[in-house]
Amino acid sequence: MAIVGPLLRLAVASAAARTIRVAAADVALRLAFILGAALAAAVGVLCFTYAGLTILERHLDPAEAWAIVGGLYAVAGVALYLAATRRRRT
């Protein structure tokens, strides 16, 4: 009976270590996916911004084109801010 206790503790410790390793691998994979998605979103925003700016600069002064793009980003920022704070308020 004296041997069963230490063996049981060893089995529990090994199972707990395995669970922690699996959880750490899962967190690392999720973090990699999040970073990849954030990088893809940033590249997409930059590409669409450059494309829109190119089209606007063909018809308007460059300063006006930048003002329009900046205004659109300001509106998007306010909308995202309101959406984020609305969730906390209700």
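Q: How many salt bridges does a search of the whole structure find?
A: The search finds 1 salt bridge. A salt bridge here is a side-chain nitrogen of Lys or Arg within 4 Å of a carboxyl oxygen of Asp or Glu.

Q: Before we go on, what kind of model is this?
A: This is a predicted model, in which local features need pLDDT of at least 70 and side-chain atom pairs count only at pLDDT 80 or more, while totals for chains, interfaces and linings use all residues. Residues are numbered from 1 along each chain as its sequence is written, and side-chain values use heavy atoms, with hydrogens and water left out.

Q: OK, which side chains meet in the salt bridge?
A: Those of aspartate 26 and arginine 30, at 3.4 Å from N to O.

Q: Why are those two about one helical turn apart?
A: Because they are 4 residues apart in helix α1, which covers residues 4–59. Helices are DSSP runs of H or I with at least four residues, strands are runs of E with at least two, and both are numbered from the N terminus.

Q: Is arginine 30 buried or exposed?
A: Arginine 30 is exposed, with a relative accessible area of 55%. Aspartate 26 is partly exposed at 38%. The cut-offs are under 20% relative accessible area for buried and over 50% for exposed, with partly exposed in between (1.4 Å probe, protein chains only).

Q: How many helices and strands are there in the chain?
A: There are 2 helices and 0 strands. The radius of gyration is 26 Å, well over the 12 Å that the globule rule gives for 90 residues, so the chain is more spread out than a compact globule. That radius is taken over C-alpha atoms, and the rule is 2.2 Å times the number of residues to the power 0.38.

Q: What does the C-alpha trace span along its principal axes?
A: About 85 × 35 × 10 Å. Valine 4 is in helix α1 and is partly exposed at 49% relative accessible area.

Q: How much of the chain counts as buried?
A: Of its 90 residues, 6% do. The chain exposes about 7700 Å², and carbon and sulfur atoms supply 76% of that. Accessible areas come from the Shrake-Rupley method with a 1.4 Å probe, and for residues only the protein chains shown count as cover.

Q: Is threonine 49 buried or exposed?
A: Threonine 49 is buried, at 17% relative accessible area. Its place is in helix α1.

Q: What does threonine 49 touch?
A: Val69 and Tyr73, leaving out residues up to four places away in sequence. Contact means heavy atoms within 4.5 Å.

Q: And threonine 85, where does that lie?
A: In helix α2, residues 62–89. At 12% relative accessibility, threonine 85 counts as buried. Its side chain reaches the backbone oxygen of leucine 82 at 3.3 Å.

Q: Switching to the surface, which residues form a nonpolar patch?
A: Leu60, Ile68 and Leu72, with about 260 Å² of accessible area together. Patches are made of residues with over 30% relative accessible area and no salt bridge; like charges are joined within 9 Å, and nonpolar side chains (Val, Leu, Ile, Met, Phe, Trp, Tyr) within 5 Å. Isoleucine 68 lies in helix α2 and counts as partly exposed, at 38% relative accessibility.

Terms used:
A polar contact is a pair of N or O atoms within 3.5 Å; within protein, one must be able to donate a hydrogen and the other to accept it, and residues adjacent in sequence count only if both atoms are side-chain atoms.
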